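Subject: Structure handover

Hello,

Here is the structure I promised. Please look it over before you read on; my notes follow below.

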Amino acid sequence: MTVLTTSPATPPSSVGSADVRSARPAPASIPMARLAKVELRKMFDTRSGFWLMASIAILAVLATAATVVFAPDSAITYESFASAIGFPMAVILPIIAILSVTGEWSQRNGLTTFTLVPSRGRVIWAKALVSVGVAVVSMALAASIGALGNLLGSAANGTDAVWDVSAAALAQIFLANVLGLLVGFMLGVVIRSSAPAIVGYFVYSALLPTVFGMLAAFQDWFADLQPWIDFNYAQTALFDESMTGEQWTQLGVTGVVWLALPIAYGVWRVLRTEVK
Amino acid sequence: MCLAGCGTRLGAMIEVQSLTKVYGGFRAVDDVTFTAEAGRVTGFLGPNGAGKSTTMRVMVGLTPPTTGTVTIGGRRFADLPNPGLEVGVLLDASAQHAGRTGREVLTLAQETMGLPRRRVDEMLELVSLTPGESKRRVKDYSLGMRQRLGIATALIGDPQVLILDEPANGLDPAGIRWMRDLLRGYADRGGTVLLSSHLLHEIEVVADDLVLIGHGRIVASGTKAALLASTGTLVRTRAHLVDDLGRALTAAGLTSTPAGAGTLRVDAESAHVGDAAAAAGVPLVELRPADGAGLEEMFLELTAETAREGAAA
């Protein structure tokens, strides 16, 4: 009732200008930077979204602390920290991308979003840009936390810090994580529903490699073909120190089939399907 | 379409042209044509599932039409550069991320449209959501509070056109009264308001023009005054004599349509109907002008007619 007692007292004339029909300049279109800013805000402005983002830093700190505490002295190297932090990142980043897209459907928020911005392609672009930006920033943060852990760990051991990950290798790890995030994004636009898309991600990143691995183990003809067919397998090369030209080509070929084409299909669907 | 002077709201009317939306074999919207004019409240009336919401989703580009067009001020909604500044839309108050606060929902709209931050507080005040309520999450809102938030989102860009789907749902009587005043004032200042509802009395009070839809088809449209005046006479006889009465009226050159058990609606004055019945010797139980019955009877009558047509087809 508190709401109601004040209602009739509110003069409708405060809606805006005195005359709704008054002349005004034609509005400018919504710039991409603003859309990206709004999409970034939407990643943080729910409790679950906020903690998902916060968990990147929290898990990086926990993984670093665990490495300092549990790893033997000989294993206090930057590579240990990088791989300890890398695992939670590989899970969280795709989920961030998935939820950024599927929230518009699962929570039916798209009814408002796509009414305020009818060009859905631009909204999806903004989401993709912001997701990749978040991935890069959070990986930089995680890499810094790992570096700090490496310094602390070796100081505690009284040894010199071992920096056994080259800049090129770090860049490849970044790329692998961005690809993982884009897989999440792809599943988001193709499936457009949070829970199935997240399940889909685990099928994609855990079940498929196992199936392909077994196939390769039992069928010789497939073992040779696997790098050209299995996207996950082609990505594992990114964690090697240096990649051959052939490995880059394999990554490109499998990436087109398992990532680029599904994204194209998903976006095409998003642009055409009804938003209810 | 709009080259210059778009700022003057002369063309801010909503024009729906031969709109059809087919799902599989089901025609949810069937050749719908109507106009909602500036400075007037247009009530879009129909029972549930009549095609109101589908029509409104097509208007704002969320649903692609099978055929037909909708323009607002001469332009397609999808071609508006920043639609929130020109058309305020409320389709479903519950379609919000449940984890956001009411204030955050408004802030997202304000940011998207590029408006000053103070608009958020102005809108919260306008729809009477208190600062405390605005910080609560939408999942903890009552339907009435969600409607207020949805109306605030529709109004934040100070648009010239409002498209509201069942905005009175979940509002209590004082809230309904408040919204009626708000929409009336908005139209009086030159705005275009299209308002859907199955709450007939609410529409009857606020609307200038009416569009009645049933089974995806427009069954009547026009000014409220004209529609009420054209309802003719209701005449009732004993149920087994209704066919005799129909023949008597036809013989007298009057057209009649069934309007319930033993009842016919006749497009003529009561006196002529009474004369025709008396001449044929058909005893009457009731004879009265239909306009006194109000919009609800007309609404039920019209939608019942389409229901019968649909069954016969």
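Which residue of β12(B) stands opposite B:Thr233? B:Val266 does. Elements here are DSSP runs numbered from the N terminus, with helices being H or I of at least four residues and strands E of at least two.

Some ground rules. This is a predicted model: local features need pLDDT of at least 70, side-chain atom pairs count only at pLDDT 80 or more, and totals for chains, interfaces and linings use all residues. Residues are numbered from 1 along each chain as its sequence is written, chains are lettered from A and ligands numbered from 1 in the order in which they are written, and side-chain values use heavy atoms, without hydrogens and water.

**Chain B, four-stranded sheet**

The sheet is open and antiparallel, in the order β11-β12-β10-β13 of chain B. Strands count as paired if DSSP finds at least two bridges between them. At the edges stand β11 (256-258) and β13 (284-289) of chain B; each has a single partner strand, so one side of each lacks a neighbour in the sheet. From one strand to the next, the twist averages 25 degrees. Axes are lines fitted to C-alpha atoms, for helices over the stretch in contact, and angles run from 0 to 180 degrees between N-to-C directions. Strands β10 (233-237) and β12 (263-266) of chain B are antiparallel and joined by four bridges.

Two helices pack on this sheet. Helix α9 (242-251) of chain B touches β10, β11, β12 and β13 of chain B, and its direction makes about 15 degrees with that of β12(B). Helix α10 (270-280) of chain B touches β10, β12 and β13 of chain B, at about 160 degrees to the direction of β13(B). Contact means heavy atoms within 4.5 Å.

**Chain B, three-stranded sheet**

This open sheet is also antiparallel, ordered β2-β1-β4 in chain B. Its edges are β2 (26-36) and β4 (67-72) of chain B; each has a single partner strand, so one side of each is left without a neighbour in the sheet. The twist here averages 20 degrees from one strand to the next. Five bridges join β1 (14-23) of chain B to β4(B). B:Glu15 stands opposite B:Thr71 in β4(B). Helix α1 (52-59) of chain B packs on the sheet and touches β1, β2 and β4 of chain B; its direction makes about 115 degrees with that of β1(B).

**Chain B, helix α3**

Buried residues in α3 (118-126) of chain B are B:Arg119, B:Val120, B:Met123, B:Leu124 and B:Leu126. They lie on the same side of α3(B), because they cover an arc of only 160 degrees around the axis. That arc is taken from the directions from the helix axis to the C-beta atoms. B:Arg118 and B:Glu125 are exposed on the other side. Buried means under 20% relative accessible area and exposed over 50%, with partly exposed in between (1.4 Å probe, protein chains only). The buried residues pack against α2 (102-113), α4 (131-134), α5 (143-155) and α6 (173-188) of chain B. After α3(B) comes B:Ser128, with a positive phi near 60 degrees.

**Chain A**

A:Ala176 sits in helix α7 (167-191) of chain A. A:Ala176 is buried, at 7% relative accessible area. Beyond its neighbours within four places in sequence, A:Ala176 contacts A:Gln235, A:Leu238 and A:Phe239. The C-alpha atoms of A:Ala176 and A:Leu238 are separated by 6.4 Å, though the two are 62 residues apart along the chain.

Best wishes
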